[in-house]
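Could you walk me through this model in the viewer, one selection at a time? I would like to know what to click on next and what I will find there.

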Amino acid sequence: MPEIKYHYEGKIPLEMHKVRIVQKLNLVPIERRMEAINEAGNNTFLLKNRDVFLDMLTDSGVNAMSDKQMAAMMEADDSYAGSETFTKLEDKIREIFGKEYFLPAHQGRACENIISQAYVKPGTIVPMNYHFTTSKAHVVLNGGSIEEIVIDEGLNVESSFPFKGNMDIQKLETLINTHGAEKIAYVRVEAGTNLIGGQPISLQNMKDVYQVCKNHNIMVVLDASLLADNLYFIKIREEACKNMSIREITRAISDVSDVIYFSARKLGCARGGGICTNNKEIYLKIRELITLYEGFLTYGGMSVREMEAIAVGLEETMDENMINQGPQFIEYMVGALQEKGVPVVTPAGGLGCHVNAMKFVSHIPQNEYPAGALAAAVYLVSGVRGMERGTISEQRDENGNETFANMELLRLALPRRVFTLSQVNYAIDRIGWLYENRNLIGGLKFVEEPKLLRFFFGRLEAVSDWQEKLVAKFRSDFGDSL
Ligand SMILES: Cc1ncc(COP(=O)(O)O)c(C=O)c1O
């Protein structure tokens, strides 16, 4: 698809859609934001939407839906068993992925629960390019462990390498040879590694992983939740794929995956999920668990309306003009923040703009949670809600010691087709100002710390009066501005 060029401007993203339904936003004054973030235990997950201006927490279940998706929802066929809507979605999965069997589930982690229960046994290992919080938790819950074998460049925060989500093939071979193939439950490939900045994996790397796994008779499971962004990056960054259509790339990826699962809160821009495969044995093994945990095979915990929307959303994902919007906005935001000197993950990935808290607030030690502190500070000065993706998102080890994250990131998600460029510019302005005043930001400490997935419910407080000082500086620089 030819790029749109401008006569006067440089490279700015252009939306290939128009806004037809709007939702009013509130920007409450900084004094209220200060109260709100403390009521939320300095955890952006616990903020109430009424106190949030731009919700950049996640791209999950909050992408804008198209008119065609909304229209399809009206046609949904509601029945416990044998719904036409399910058949429509199953047909779309067959058409796009070429997978015969589709098993519905209510969201991505439900698929992870079921796949882990079916295949992870105590003492087994699941190698993966990089973990995602829920995918790791389910493997561990079933007595397994994970091994991260992303290429070294993947953990290099500032880089120009186009596929930082690639798996290190040598590390994979070594792992298999060291432990034996029978110890490997399956290899999990995450398209668009969430926790290291939405960095893509190349088609060639997926092919190489598959070859190694086939040589050892190991199953390859693709987490396709962030596939849309990854498809776009393969199209524009992978020379060998330049002339392939998005549909052809999707099929080529599917051909090197034994099982594909996805969160349709991300892929398909609706709410749900599912697992697909061509292998009847796998299908039969998983099927029982779907009915046990999710619902009957023709809905899997999803509403039929959402299933209709997913079928249309998957079709729309095959349109380059649709899937380019997120990555282009992210690239714009990353570039503009870099111009202000703000440390960000490069190259720009999918999902959102990732600010490097380790550098932004280099004076905050990791045991005072730099990324969590930065998330609280950004909310305070802007009303923008991001998500901590650092040590708070990790779990303590079995001895209760902190597991320091490889990266301390503040993720500012750009849900697809939701924000306008002026809203993105507002966020850039406030984060730029905060960077100039970064020395005012201090650390956080836990006051309530759940054992499992503590980042969802954990409550923290500031280690000093740094938030009051930041509010005072904001008032002195911005006057009575919101
Ligand atoms: C890569 C990846 N896998 C799995 C999940 C879990 O999906 P869900 O939130 O629908 O349970 C997510 C959600 O953020 C994700 O990003």
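Start by selecting helix H7 together with its surroundings: the buried residues of H7 pack against helix H6 (169–179), strand E5 (187–190), strand E6 (220–223), helix H8 (227–237) and helix H9 (246–255). Helices (H or I, at least four residues) and strands (E, at least two) are DSSP runs numbered from the N terminus. Packing here means contact, that is, C-beta atoms, placed from the backbone, within 7 Å of each other. A residue is buried if 20 or more other C-beta atoms lie within 10 Å of its own, exposed if 12 or fewer, and partly exposed in between, again with C-beta atoms placed from the backbone.

Before going on, two notes on what you have open. This is a predicted model, in which local features need pLDDT of at least 70 and side-chain atom pairs count only at pLDDT 80 or more, while totals for chains, interfaces and linings use all residues. Residues are numbered from 1 along each chain as its sequence is written.

**Stay on H7**

Now show the side chains of Leu-203, Asn-205, Met-206, Val-209, Tyr-210 and Cys-213, the buried residues of H7. Looking down the axis of H7, you will find its buried residues within an arc of 160°, so they line one face of the helix. (The arc is that of the directions from the helix axis to the C-beta atoms.) Turn to the face directed away from this buried side, and the exposed residues Gln-211 and Asn-215 come into view.

For a distance check, pick the end C-alpha atoms of H7 (residues 203–215): they are 19 Å apart, which agrees with the 18 Å that 13 residues should span at 1.5 Å a residue. The expected span is 1.5 Å times one less than the number of residues. Following H7 is Asn-217, whose phi is positive, near 60°.

Next, select the ligand and its shell. There are 15 residues around the ligand, and Gln-107, Gly-108, Arg-109, Ser-225 and Ser-263 come nearest. A residue counts as near if its C-beta atom, placed from the backbone, lies within 6 Å. Colour the shell by class and you get two nonpolar, nine polar and four charged residues. In this scheme Ala, Val, Leu, Ile, Met, Phe, Trp, Tyr, Cys and Pro are nonpolar, Asp, Glu, Lys and Arg are charged, and the others, Gly among them, are polar.

Which helices each supply at least two residues of the shell? They are H4 (108–119) and H5 (133–141).

Follow H4 from there. Nine of its twelve residues are buried, leaving H4 mostly covered. Gly-108 and Arg-109 are among these buried residues, as are Glu-112 and Tyr-119. The cover over the buried residues of H4 includes strand E2 (101–105), H5, E6, strand E7 (259–263), strand E8 (273–277) and helix H10 (280–293).

**Backbone stops**

Most residues other than glycine have a negative phi, and most peptide bonds are trans. With that in mind, go to the loop between helix H13 (325–339) and strand E9 (352–356), where Pro-347 lies. The peptide bond joining Thr-346 and Pro-347 is cis, with omega about -5°.

Leu-351 lies in the loop between H13 and E9 too. Leu-351 is not a glycine, yet its phi is positive, about 70°. It counts as buried, with 28 C-beta neighbours inside 10 Å.

Then jump to Tyr-369, in the loop between helix H14 (357–360) and helix H15 (370–382). Tyr-369 has a positive phi of about 55°, although it is not a glycine. Is Tyr-369 buried or exposed? With 30 C-beta neighbours inside 10 Å, Tyr-369 counts as buried.

**Two more selections**

Pick Gly-400 in the loop between strand E11 (387–389) and strand E12 (409–413). Gly-400 is exposed, with 7 other C-beta atoms within 10 Å.

Finish with Leu-54, found in strand E1 (residues 54–55). Leaving out residues up to four places away in sequence, Leu-54 touches Gly-383, Val-384, Phe-419, Gln-423 and Ala-427.

**Zoom out**

With everything displayed, the protein chain has 18 helices and 14 strands. Its C-alpha atoms fill a box of roughly 65 × 55 × 45 Å along the principal axes. Of the 482 residues of the protein chain, 50% count as buried.

How values were computed
Contact = placed C-beta atoms within 7 Å.
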